[in-house]
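This report covers helix geometry, helix packing and the surroundings of selected residues. Please keep the sequence and the structure in view while reading.

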Amino acid sequence: MQASLRYQSEPGRWDECHAPDGSLRPGWSELMGHIERLGSREVNRRWEQCRRIIRENGVTYNLFRDGAAADRPWQLDPLPLVITPEEWTRIERGVAQRALAIDRFLADSYGEQRLIRERIIPAGIVYGHPQFLRPLHGVPVPNATRLHLYGCELVRCLDGTWRVAADLCQTPPGAGYALENRIVLSRALPEPFRDMRVQRLAGFFIRLRQQLLSLAPRNRDNPRVVLLTPGPYSETYFEHAYLAQYLGISLVQGDDLAVRDERVYLKTLGGLMPVDVIIRRLADDFCDPLELRNDSTLGVLGLVSAVRAGNVAIANSLGSGLADSPALIPYLPRITKALLGEDALIESMPAWWGGDRADHVLANLPDLILRPAWNNRGRPVLPATLPLPELANLAADIRVRPHAYLAFERVARSVVPCWDEGRIVPRRMSLRVFAVRDGDGFAVMPGGLARIDSQGDGGQLWFERGGGSKDAWVLADGPVADVTLLRASDAPLELKRGGIDLPSRVADNLYWLGRYAERAEAIARLIRSALACLAEDAAEADQSRIAAYLSMLSKSTGIATDAGAPSATLVRLISDGASGPLRQVSDHLRRTAFGVRDRLSADTWRALTALDAELSAEGAEDANQALARLNRMIIACAALAGMGRENTTRGPGWRFLDLGRRIERTVFVVECLQAAFADGVGHPPELEALLHTADSAITYRSRYLTTIQAAPVLDLLLTDPTNPRAVAFQANQIAEHVANLPREAVGALLCPAERLATHLQATVRLVDPVELCNHDGGPEKLIQLLEDLIATLTALSDAVTTAWLTHIAPSRAFAKPDDWRPSDDTPAGLG
């Protein structure tokens with residue numbers, strides 16, 4: 001084996017790859033043989049390919065610190081975890097049994113409560129748990145199943161046995177990341193993936209989808225299934241969007257759903273559509289602000305009443321967070337024996353609940369790891385690392401609130417080989433596995449999410465501490481059958497075209513995605529035109545033209561620029577990412593795009609990722625670097641616009657996306673016209689700047705050569721319906737979009753949005769550019785016309801929001817100029 005592929009394992013820990021004598025364990029020899037044949041340089045190249053795919057696909061784990069969000073790219077190690085068929089059989093049987101025992105525990109806790117009456121478990125485990133939802137006690141559930149998707153965290157101890165460190169029963173995260181890991185790594189290492197006969201994951205997701213469809217209380221032939229997410233601010237929002245897209249179901253937020261007459265409906269552009277099944281990624285108590293948690297803004301008002309009436313199925317069922325409790329872990333062997341009549345096939349880590357064994361916890365405090373008893377996401381505490389005063393305070397708190405603590409025995413987790421820039425190093429590991437209800441039992445995903453700890457601090461693994469992940473390869477005894485979520489090619493399909501079942505929130509996000517993308521391109525073009533003018537010859541640059549650019553920039557963004565040092569000011573707008581207008585638009589663009597992540601194709605997402613990378617990158621040092629970066633921004637904007645025009649089905653979603661772009665472009669062009677014709681009379685420097693900003697200089701010169709006059713410029717940018725940058729062109733597109741937006745009923749009269757769009761179109765058509773440039777009253781008319789156009793556009797945007805998007809979040813209009821103020825030493829950003 002190459003020297004770079006050898007590593008020194010940690011003593012006192014099980015090594016997943018090497019036996020104590022240094023030989024490779026079964027399964028690993030073939031993998032390491034492939035890695036050795038590839039060589040370090042090739043593995044590094046493929047690792048970079050993995051990271052590029054992850055970055056382009058937008059795979060993130062969101063972090064939140066000090067109230068701010070940061071999208072951390074998903075960390076994937078290029079070496080998988082290898083698990084032999086014999087070893088996996090033991091894990092599979094143990095996990096399936098444990099999932100079934102927990103499902104029976106939930107049924108008992110919300111039913112007859114035999115475990116409490118017979119004192120198999122302390123009553124405080126159930127009644128003292130904040131997630132025991134009393135309004136759900138005695139409420140039946142579809143198929144008598146409360147746990148549909150189960151996850152657990154496994155660690156391997158020094159003796160080689162796998163033990164459960166945590167149960168994930170409420171909203172088990174990670175299955176989507178495991179699938180993405182598999183897709184990426186199978187592309188990076190196709191040879192070992194094929195030769196080692198790795199079991200496929202698609203079968204697990206087929207069972208998951210079948211399980212969801214089987215829960216429908218009505219409309220069982222074609223039930224409507226939705227995935228309820230907290231939204232883009234969830235740490236695992238990428239997974240929510242990814243799973244919804246992979247399973248072919250709608251991704252919704254609480255605002256998308258409504259309860260009427262104890263039935264759940266999806267709010268769409270065409271009205272209310274009944275929902276039959278909800279797979280949720282929202283914590284129990286946040287699901288219904290009416291009966292569970294009155295300060296929740298994420299849930300659905302009246303959801304519990306719909307569940308109680310049996311009109312909607314929820315996976316996992318409301319109240320399943322009770323089984324997430326770490327305090328339950330010490331009692332699961334008893335529960336398994338009592339409810340299944342079997343001994344547990346997979347053991348938990350040795351643990352003691354303070355509410356029952358406070359004396360043992362206090363006596364052995366330095367040798368234990370403490371976790372919150374009711375929250376399996378709480379950070380662990382290592383008493384052995386605490387200063388004596390803090391240790392004494394901890395012991396005192398345990399005496400006062402023993403029920404709030406669970407103590408684990410400290411276990412030396414196994415290590416697994418990981419790739420680190422051309423060499424292999426050992427990292428500590430846990431394995432998250434998943435099971436889905438399948439008939440009378442559970443089917444376990446043949447693989448999982450291996451989580452590695454980069455710091456090795458002996459505590460719980462936390463991605464925000466810099467940890468990463470691995471794909472888990474479960475090997476098969478024989479040939480592996482290809483499994484796919486696609487239906488059989490000979491199965492009949494009902495022909496469909498785009499309908500009106502687009503959720504209003506999605507339409508809202510697409511509308512603003514178009515506006516933000518267009519605003520980013522417009523600002524980039526304006527700053528680039530100004531910098532290009534300065535770069536021609538700073539000493540001879542037309543100061544009037546520079547002043548015109550700065551005036552347009554101030555009008556369209558509200559930024560007060562320093563006319564005495566225009567180059568430095570413009571460069572700072574690029575380099576000061578935190579406060580510059582482009583960075584602010586980038587934040588809005590990213591957040592809005594994440595809101596419709598499941599609706600965007602892979603290519604569209606790559607274009608958005610490229611644009612976001614340029615918008616949010618650290619700034620340039622000089623004008624040349626700023627120009628190069630602005631060129632890349634505009635190319636990315638053009639790619640995104642092209643994806644919208646050429647790769648998007650002409651349905652309601654596309655109309656809202658393009659409508660937002662057209663309205664924003666019109667606003668920008670009119671604002672630039674207001675800046676250039678501030679006194680009603682256009683002068684050559686302002687007109688020249690206007691043509692370059694609107695990317696219409698070539699068209700103008702082809703028509704009028706070098707003569708610059710106000711009337712031809714106004715005609716080209718205001719009334720020419722053939723110029724895609726002109727107001728007339730946008731007005732025609734806007735009128736067409738508004739006339740074809742879906743609505744519940746079509747009346748005899750035009751709706752307010754249609755009237756405003758028609759008014760905008762007619763106003764521009766009736767404009768006479770020559771008359772507006774006539775010194776006898778023309779300037780006043782032009783100034784008034786431009787003000788009227790801005791007022792009409794504002795009213796039109798409000799009318800669209802009222803008619804189609806009114807129940808969504810408050811208005812997200814761009815900040816007014818008065819809201820943007822530059823500081824003493826940095827240019828201003830959006831407020």
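## Basis

Helices (H or I, at least four residues) and strands (E, at least two) are DSSP runs, numbered from the N terminus. This is a predicted model, in which local features need pLDDT of at least 70 and side-chain atom pairs count only at pLDDT 80 or more, while totals for chains, interfaces and linings use all residues. Residues are numbered from 1 along each chain as its sequence is written, and side-chain values use heavy atoms, with hydrogens and water left out.

## Whole chain

The protein chain has 26 helices and 21 strands. Of its 831 residues, 58% are buried; buried means under 20% relative accessible area, exposed over 50% and partly exposed in between (1.4 Å probe, protein chains only). Contact means heavy atoms within 4.5 Å. Among contacts between residues at least 6 apart in sequence, 72% join residues at least 24 apart.

## Arg655 and His737

Arg655 lies in helix 19 and is buried, with a relative accessible area of 13%. Leaving aside neighbours within four places in sequence, Arg655 is in contact with Glu736, His737, Asn740 and Leu741. Arg655 and Asn740 are 85 residues apart along the chain, and their C-alpha atoms are separated by 8.2 Å.

His737 lies in helix 23 and counts as buried, at 0% relative accessibility. With neighbours within four places again left aside, the contacts of His737 are Trp654, Arg655, Asp658 and Leu659.

## Helix 19 against helix 26

The axes of helix 19 (residues 652-676) and helix 26 come within 9 Å and cross at roughly 160°. Axes are lines fitted to C-alpha atoms, for helices over the stretch in contact, and angles run from 0 to 180 degrees between N-to-C directions. Helix 19 is therefore roughly antiparallel to helix 26, since angles under 35 degrees count as roughly parallel, over 145 as roughly antiparallel, 65 to 115 as roughly perpendicular and the rest as oblique.

Residues of helix 19 that meet helix 26 include Phe656, Leu659, Ile663 and Val667. On the helix 26 side, the residues include Leu786, Ile790, Leu793 and Trp804.

## Helix 24

Helix 24 (residues 752-765) has 14 residues and should span 20 Å at 1.5 Å a residue; its end C-alpha atoms are 20 Å apart, which agrees. The expected span is 1.5 Å times one less than the number of residues.

Ala753, Glu754, Ala757, Leu760, Gln761 and Val764 are buried in helix 24. They cover an arc of only 125° around the axis, which puts them on the same side of helix 24; the arc is that of the directions from the helix axis to the C-beta atoms. What covers these buried residues includes helix 22 (710-719), helix 23 (727-740) and helix 26 (778-804).
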